[in-house]
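I opened the file to see how the chain is divided and what surrounds the ligand. My entries follow the display.

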Amino acid sequence: MRRVTLTQFLIEQQRAGRTTPELRLLIEVVARAVKAISVNVSKGALAGVLGEAGTDNVQGEAQKKLDVIANEILLQANEWGGHLAAMASEEVEEVHQIPFDYPKGGFLLLFDPLDGSSNIDVNISVGTIFSVLRNPEGDGEPTEQNFLQPGRDQVAAGYALYGPSTQLILTVGDGVHGFTLDREMGSFIYTHPFMTVPNETQEFAINASNARYWEPPVQRYIAELQAGKSGPRGKDFNMRWVASMVADVHRILTRGGIFMYPLDEKCRDKGGKLRLMYEANPMAMIIEQAGGAATTGRERIMDLQPTKLHQRVPVVLGSAAEVERVTKYHLES
Ligand SMILES: O=P(O)(O)OC[C@H]1O[C@](O)(COP(=O)(O)O)[C@@H](O)[C@@H]1O
Ligand SMILES: [Mg+2]
Ligand SMILES: [Mg+2]
């Protein structure tokens with residue numbers, strides 16, 4: 001069987017006019033960084049990368065060593081070859097400018113370097129999430145304001161999943177494509193063309209320990225699922241919660257389902273739990289490109305006008321029919 005590498009796939013996309021040489025190279029640099037992160041993640045205790053870093057990030061969360069390592073790998077790789085003007089990361093408070101003596105590129109890169117940090121030390125899947133925007137300053141130096149573009153303006157989005165195998169999932173606005181890392185060859189191989197989310201599902205993902213804080217529409221929706229065959233839905237539902245958004249979303253992309261981190265009394269002051277610019281927006285683009293839907297419970301995530309780089313939002317995404325139902329319950333309440 002002919003094996004198509006990520007590079008070959010991207011060249012095909014470029015030939016078909018779906019991407020530019022600059023965007024192709026940017027994605028290749030991100031993929032190279034992902035390989036380096038994958039090596040560190042898989043070595044675990046052997047490389048001494050587990051445990052706390054002893055520092056807090058901008059959001060006041062304790063950083064793990066791998067949060068810091070993954071962030072450094074992505075920043076360094078992209079400073080020197082990513083056709084970028086600037087970057088933004090979950091682990092960095094301010095916009096990270098590309099060094100001054102280097103020509104500015106036309107894109108902005110945003111990322112969550114290590115998603116699912118609480119799973120690092122217990123050897124459960126973690127990931128990296130990224131989003132690419134245009135630099136509205138042309139070749140000028142971007143400000144935080146320049147990053148505050150709605151998700152519908154993303155030119156590419158993707159994530160890497162460091163699981164039993166390392167996978168890279170990518171969209172440049174023409175469907176969702178999956179690649180699996182061949183560790184011996186060091187190449188990402190095109191294994192999952194045009195991934196789609198089934199419209200209906202019997203599986204849901206939510207942190208049920210927050211049930212007492214949920215709003216009434218979420219209480220109603222989950223109670224109906226839990227009622228199973230004898231309830232209004234007339235069928236049984238199963239539940240899964242990895243607590244790594246990348247892993248939970250990847251399951252939904254593979255076999256359908258709904259993922260929710262809704263607004264609740266615990267996270268109301270912050271606006272939600274998950275970050276808009278480098279968690280919700282890229283995942284929303286991927287899920288929509290795969291035929292699913294993504295809302296805050298009230299509005300489409302990709303239509304939100306961001307107000308802050310590290311803004312948090314409620315997230316409801318996955319199989320379209322289920323997301324529509326949850327959104328309808330919110331709008332009716
Ligand atoms: O600990 P909880 O409430 O289950 O939250 C899990 C969620 O938090 C996150 O781990 C947040 O991501 P980070 O690890 O990048 O901070 C998501 O991946 C996941 O969906
Ligand atoms: Mg995260
Ligand atoms: Mg993170």
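I first noted that helices (H or I, at least four residues) and strands (E, at least two) are DSSP runs, numbered from the N terminus. This is a predicted model, in which local features need pLDDT of at least 70, side-chain atom pairs count only at pLDDT 80 or more, and totals for chains, interfaces and linings use all residues. Residues are numbered from 1 along each chain as its sequence is written, while chains are lettered from A and ligands numbered from 1 in the order in which they are written.

**Entry: helix α6.** I looked up what follows α6 and found glycine 256, with a positive phi near 90°. I then checked burial: a residue is buried if 20 or more other C-beta atoms lie within 10 Å of its own, exposed if 12 or fewer, and partly exposed in between, with C-beta atoms placed from the backbone. Why is α6 described as largely enclosed by the rest of the structure? Eight of its 11 residues (245-255) are buried, so the helix is largely enclosed. Among the buried ones I listed Met245, Asp248 and His250.

**Entry: domains.** The bounds come from an automatic or database domain assignment. I read domain 1 as 6-192 and domain 2 as 203-332. Their C-alpha centres lie 24 Å apart.

**Entry: ligand 1.** I took a residue as near the ligand if its C-beta atom, placed from the backbone, lies within 6 Å of it. The residues around ligand 1 include Glu90, Asp112, Asn207, Met245 and Tyr261. Each of domain 1 and domain 2 supplies at least three residues to this shell. I sorted the shell into three nonpolar, five polar and three charged residues; Ala, Val, Leu, Ile, Met, Phe, Trp, Tyr, Cys and Pro count as nonpolar, Asp, Glu, Lys and Arg as charged, and the others, Gly among them, as polar.

**Entry: a sheet.** Two strands pair if DSSP finds at least two bridges between them. I found an open sheet of five strands, in the order β12-β11-β13-β17-β15, with mixed pairing. Its edge strands are β12 (238-239) and β15 (293-295). Strands β11 and β13 pair in the parallel sense over two bridges. Alanine 205 stands opposite phenylalanine 259 in β13.
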